[in-house]
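The sequence and structure come first.

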Amino acid sequence: NHFFAALRVTVWLRLPLAYSWALGGPQFRSHCSFLDALIPSAPMAVPLCDRNVMKFRARVKTSAIGDLHREFAGLYYPDTRSLEVSELRTVVKSVKLLPMYPEKVYTKPGTGDTYVLEDLMVGAELRLGPSISQRDDGVEKILVITEADLSELKRVTLPSSPVDPSAESVARRAPPGLQQTLFQELMKDAAVRAVAYPFVVTEGSGARKLGQAQLRQPLQKAVPALNAAIINQVIQLLPTDRRGLVSLEHLLDLAGLKMSHCRRQAVLQAFTKVDYNRNGVISEDEFAVFYNAAYHPRVVTGERAEREQLEAFLANFDFDRDGRVTFAEFEDYYTFVSGKMDSDDEFLQLMDRAWNLDKRNLVGIPFH
């Protein structure tokens, strides 16, 4: 029957096509149309070539002479945090792929944590338990990553802050003392986040703009110390686009809160690291991968459960309490943090330590 014929074709062709990059053949994506045309009814929930995938090669960490020249190729799927590994074996002048670890979610020995992208960089070790290879059936092998190919991972275009010449002149046009007053009031009780929120949710395109009338209400509500005269002055100083909208970037610049380019790049780097499935939104599960609540003092003392601490941490970023964090929300949180730091070096050090961007945190505290 045609169904089982297609299934057999899938079993024999899926891995060789997927791993062709490892064999020095055509690029991975060049097989997509061929694979879809050959087995259009194959029982695959998601077409292989449409999957968000990272490819890697590895060797065995061993002193056994028979293992020294063995090579392995693998695929890692960030969406499900699953992976699969096969051995590259030369048989009569042709290369064969022999399944060693089938696709599933593997956990790290001792901790029970799942593998994430950072665990699959060159030099990293994989311990996946006993293999299904006939040569090593039931024997655990430690694999060492020798090559990592990230070219097939999703690329997410995050909202950028365009260079706007008019932004440079906003602060300079402000009367003496206005910037300091606005800065001090927006930094009280994180008022800047309350003012930024309407900019985030109104423009779904990421433009982060509001009408002048729309800006008046959040300023009055979040910063009650600003009287009507000061608010009018602020609004009049902000340049408008063709639609009469003012941008959040101009407001932050006027208040002396606009992040420098290097600070914003650090925020982008941290967001991209946590958003491991590259869909542009950080979920609670993604935060849980990188934020280890078990080490928080309130959890250690028993005041809070780990899940409660995770939810409290997520709430710092989640403006609308929908259980997920967009880049705009993530950036606005760090705009407030950035306002407390005069030095770029101090801010970058904070981001490095908080999100382990410099990879100096080798013990997994507080992040895995």
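In helix α9 (residues 261-274), the residues Cys262, Arg263, Ala266, Val267, Ala270, Lys273 and Val274 meet Asp344, Phe347, Leu348, Met351 and Trp355 of α14, where contact means heavy atoms within 4.5 Å. By class, this contact of α9 with α14 holds nine nonpolar, no polar and three charged residues. Ala, Val, Leu, Ile, Met, Phe, Trp, Tyr, Cys and Pro count as nonpolar, Asp, Glu, Lys and Arg as charged, and the others, Gly among them, as polar. Helix α14 spans residues 344-355, and the axes of α9 and α14 are 9 Å apart at an angle of about 5°. That angle makes α9 roughly parallel to α14.

The model is predicted: local features need pLDDT of at least 70, side-chain atom pairs count only at pLDDT 80 or more, and totals for chains, interfaces and linings use all residues. Residues are numbered from 1 along each chain as its sequence is written, and side-chain values use heavy atoms, with hydrogens and water left out.

Helices (H or I, at least four residues) and strands (E, at least two) are DSSP runs numbered from the N terminus. Axes are lines fitted to C-alpha atoms, for helices over the stretch in contact, and angles run from 0 to 180 degrees between N-to-C directions. Angles under 35 degrees count as roughly parallel, over 145 as roughly antiparallel, 65 to 115 as roughly perpendicular and the rest as oblique.

| Pair | Axis separation | Angle |
|---|---|---|
| α9 and α14 | 9 Å | about 5° |
| α13 and α14 | 11 Å | about 130° |
| α6 and α7 | within 10 Å | roughly 140° |

Helix α13 covers residues 327-339, and α13 and α14 are oblique to each other. The crossing of α13 past α14 is right-handed; a crossing is left-handed if the near helix is turned anticlockwise from the far one by less than a right angle, and right-handed if clockwise. Phe330, Tyr334, Val337 and Ser338 of α13 make the contact with Phe347, Leu350, Met351 and Trp355 of α14. Its residues comprise seven nonpolar, one polar and no charged.

Helix α7 runs over residues 228-237, and its axis crosses that of α6 at roughly 140°. α6 is thus oblique to α7, and the crossing is right-handed. On the α6 side the contact involves Gln212, Leu215, Arg216, Leu219 and Gln220, and on the α7 side Ile231, Asn232, Val234 and Ile235. Five of these residues are nonpolar, three polar and one charged.

Within α6 (residues 212-222), Leu215, Pro218 and Leu219 are buried. Seen down the axis of α6, these residues fall within an arc of 100°, so they line one face of the helix; the arc is that of the directions from the helix axis to the C-beta atoms. The face turned away from the buried side carries exposed Ala213, Gln217 and Lys221. Buried means under 20% relative accessible area, exposed over 50%, and partly exposed in between (1.4 Å probe, protein chains only).

In helix α4 (residues 178-187), the buried residues are Leu178, Leu182, Glu185, Leu186 and Met187.

Ile132 lies in the loop between β5 (125-130) and β6 (140-149). Its relative accessibility is 47%, so Ile132 counts as partly exposed.

Overall, the protein has 14 helices and ten strands, and 46% of its 368 residues count as buried.
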